[in-house]
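Trainee: I would like to learn how to read a structure. Please take me through a few features.

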Amino acid sequence: PDVMQPGLYLVKLHLSNKDPLKALAVANDLSMRFADSPTVLEVLGTAQLASGETNSAVRTYQRLAELRRAPNNYLQLAKVRMEVKDLGGARLALGEALRLNPEFLQAKQLLTVLELRDRNANEALVLAWDLQRMDPEGSEGYALEGAAYAMLGQTANAMAAYERAYKKRK
């Protein structure tokens, strides 16, 4: 019998009831039965993260990205890699997400944050300007521009960018 759907619901209910270990047990069982199911891999990765099994989650999200080469899967892989301090792996995953969809706003935002963490202010600045082009009404590109200018010691430019970001929030 098809137990996938009830099992998926059960994992989600255990997670919503703040019982990640029960969720993980069900998700592990589902992954044994449906090893190549992207849906099962997604809930397994979520349950692994909720249970603190971040290294296992990295492997799960890597497998998911290999099975279903979608920008969102690479974004999730990048986030998990950042959690385990694998910034190089996160950068590669974000690069793949942006190769699949060059206009993927969330991936570009996270890449900009990663560039700032690595103290690559000039690269972050270029990415922030691209974010502004992609989402002119959003504040994130302007705030990241401000952070890059601040890192470069350009206080007046940083203040102007933060002012633009602040006005976008209204």
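Trainee: Which residues of α8 are buried?

Mentor: Keep in mind that this is a predicted model. A residue counts as buried when its relative accessible area is under 20%. In α8, the buried residues are A121, A124, L125, L127, A128, D130, L131, Q132 and M134.

Trainee: What do the buried residues of α8 pack against?

Mentor: Their packing partners are α7 (105–117) and α9 (140–151).

Trainee: How many residues does helix α8 have, and how far does it reach?

Mentor: A helix can be checked by comparing its reach with the span expected at 1.5 Å a residue. Helix α8 covers residues 121–134, which is 14 residues. From its first C-alpha to its last it reaches 20 Å, close to the expected 20 Å.

Trainee: How many salt bridges does the structure hold?

Mentor: To find a salt bridge, look for a side-chain nitrogen of Lys or Arg within 4 Å of a carboxyl oxygen of Asp or Glu. The structure holds 13 of them. One of these joins K22 and D19, with the closest N and O atoms 3.7 Å apart. K22 is partly exposed at a relative accessible area of 48%, and D19 is partly exposed at 24%.

Trainee: Which parts does the salt bridge between E42 and R68 tie together?

Mentor: Begin with the distance: the side chains of E42 and R68 meet at 2.2 Å, N to O. Then place each partner. E42 lies in helix α3 (residues 38–50), while R68 lies in the loop between α4 (54–67) and α5 (71–83), so the pair ties together parts that are 26 residues apart in sequence. E42 is partly exposed, with 33% relative accessibility. R68 is also partly exposed, its relative accessible area being 33%.

Trainee: E96 forms a salt bridge with R99. What separates these two along helix α6?

Mentor: About one helical turn, because E96 and R99 are 3 residues apart in helix α6 (residues 87–100). Their closest N and O atoms are 3.1 Å apart.

Trainee: Is E96 buried or exposed? And R99, buried or exposed?

Mentor: Take each partner separately. E96 is buried, with a relative accessible area of 15%, whereas R99 is exposed at 58%.

Trainee: Which residues do salt bridges with shared partners join into one network?

Mentor: The network is made up of E103, K108, D130 and R133. D130 has already come up here, among the buried residues of α8.

How values were computed
Residues are numbered from 1 along each chain as its sequence is written. This is a predicted model: local features need pLDDT of at least 70, side-chain atom pairs count only at pLDDT 80 or more; totals for chains, interfaces and linings use all residues. Side-chain values use heavy atoms; hydrogens and water are left out. Buried means under 20% relative accessible area, exposed over 50%, partly exposed in between (1.4 Å probe, protein chains only). Helices (H or I, at least four residues) and strands (E, at least two) are DSSP runs, numbered from the N terminus. The expected span of a helix is 1.5 Å times one less than its number of residues. Contact means heavy atoms within 4.5 Å.
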